[in-house]
Structures are given as structure tokens and as C-alpha cells.
Amino acid sequence: MEQERIIEKLKEIGFETVAPLDVNTLEALQEVRDMCAVNTCGMYEKRWSCPPGCGTIEECAARMKKYSNGLILQTVGDIEDSFDFEGIMEVSKLHGDRFLNVMGEVKNWLSDYMILGAGACRKCKECTYPDAPCRFPEEAMSSMEANGLFVSDVCRKNNVAYNYGEGKMCYTGCLLFND
Ligand code: SF4
């Protein structure tokens with residue numbers, strides 16, 4: 001499917017931003033992985049989608065290098081203020097649901113792709129990590145951060161806003177693909 005049509009499909013799913021991503025701006029950084037290890041989100045060593053289960057920084061870089069096209073996908077929602085935990089969670093859930101939607105649809109558009117969402121894989125309630133292989137390797141979704149990407153930097157290099165100012169919350173992911 002042509003890129004223009006894919007962009008239309010992604011907009012139909014609801015993303016507020018669907019913007020071209022220059023894959024040469026994707027740099028897998030160990031310092032981002034080190035931030036994961038602090039485990040603020042509680043998912044470090046918990047899912048195959050997250051470090052260290054998603055592979056070394058070199059493996060992540062090599063996986064992303066296989067793709068020649070990319071799109072940045074953002075969900076931008078309203079929040080009352082930075083303490084509006086409920087509002088922030090609502091935007092986060094919307095972004096996650098949209099990515100599940102993309103995961104369900106993308107195989108109808110492309111044959112060679114990689115989806116990087118925000119946060120840990122949500123496919124199974126309980127992940128098999130580390131005791132057994134991933135149940136759905138084709139559907140497991142990793143995040144930009146887990147792959148060592150400094151998200152604000154990727155946005156900046158692609159002329160996409162990362163922070164939408166007061167009263168707005170933004171989550172960012174991307175779709176990498178080959179024609
Ligand atoms: S698909 Fe299931 S087993 Fe695989 S990473 Fe996601 S949650 Fe874990």
C-alpha cells in the first residue's frame with residue numbers, strides 16, 4: 001500500500017499526528033536503556049517487550065536499521081494540569097488502544113514492518129517472561145524507549161512537536177516499514 005494511503009488509514013484510527021520519520025534519525029542509545037533500568041514504570045525485567053528481554057542495544061539498533069520508511073504517530077489529549085493523573089491515564093489508554101488497532105490492521109497494508117508504541121506490551125495479561133518464549137512474537141509490541149530511542153530527540157529531528165504545552169498530554173510511537 002502507498003504511504004499516502006497508510007497515512008490516511010492511521011488518521012482514520014484517530015492519531016492526532018501522523019508525520020514522516022527519517023529513519024536515519026533513529027539512534028539507539030544505551031543511556032535511554034539505563035533510564036529503563038531505573039524502573040520508574042515497573043516493567044523492567046517484566047515483559048519480553050522491555051529491557052533486557054527485548055535484546056541488547058546493538059540488537060535493537062540492527063532491527064530498526066532494516067527499515068527504510070517511518071511514520072511518527074501521536075495521541076494528543078486534554079488534561080486539567082500535570083497532576084491530573086486520571087486524565088493522563090485516559091490519554092495513555094487511548095494511545096495504547098490505537099496501537100492495538102494498528103497492530104490488528106497493519107498486516108493488511110504492509111508485509112514488512114515494526115511497530116514501536118509507548119510502554120510495555122499489553123497483549124497478554126500475564127507475560128511469559130522470562131520462563132517461556134513470548135506467546136505472540138508477531139504481535140508483541142515494544143516501545144521507542146525500550147529500543148533506546150530518545151523520543152523527544154526523534155521528534156525534534158523530524159520537526160514534530162513533543163510537548164504540546166499546558167493542558168495537553170502527548171504520547172508518541174512509530175511505525176517502521178519497507179515498501
Ligand atoms: S505478547 Fe504476551 S508473552 Fe509476548 S511480550 Fe507481549 S505480553 Fe509478553
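**Exercise 1.** How many aromatic pairs does a search of the whole structure find?

*Solution.* The model is predicted: local features need pLDDT of at least 70, side-chain atom pairs count only at pLDDT 80 or more, and totals for chains, interfaces and linings use all residues. Residues are numbered from 1 along each chain as its sequence is written, and side-chain values use heavy atoms, with hydrogens and water left out.

Step 1. Apply the criterion: rings of Phe, Tyr and Trp (its six-membered ring) pair if their centres lie within 6.5 Å; planes under 30 degrees apart count as stacked, over 60 as edge-to-face and the rest as tilted.

Step 2. The search of the whole structure gives 2 aromatic pairs.

Step 3. One of these is F15 with F99, an edge-to-face pair with 5.4 Å centre to centre and 75° between the planes. F15 is in the loop between helix 1 (3-13) and strand 1 (17-20), while F99 is in helix 4, 84 residues apart. Helices (H or I, at least four residues) and strands (E, at least two) are DSSP runs, numbered from the N terminus.

Step 4. F15 and F99 are both buried. Buried means under 20% relative accessible area, exposed over 50%, partly exposed in between (1.4 Å probe, protein chains only).

**Exercise 2.** Why is the pair of W48 and Y129 classed as edge-to-face?

*Solution.* Step 1. The ring centres of W48 and Y129 are 4.6 Å apart and the planes stand at 85°, so the pair is edge-to-face.

Step 2. Place the residues: W48 is in the loop between helix 2 and helix 3, and Y129 is in the loop between strand 3 (113-117) and strand 4 (142-143), 81 residues apart.

Step 3. W48 is partly exposed, because its relative accessibility is 26%. Y129 has a relative accessible area of 16% and is therefore buried.

**Exercise 3.** Over which ring does the charged end of R98 sit?

*Solution.* Step 1. A charge sits over a ring if NZ of Lys or CZ of Arg is within 6 Å of the ring centre and within 35 degrees of the ring normal.

Step 2. For R98 the ring is that of F15, with the charged end 5.7 Å from its centre.

Step 3. R98 lies in helix 4 (residues 85-105). Its relative accessible area is 9%, so R98 is buried.

Step 4. Leaving aside neighbours within four places in sequence, the contacts of R98 (heavy atoms within 4.5 Å) are I13, G14, F15, E16, Q74 and T75.
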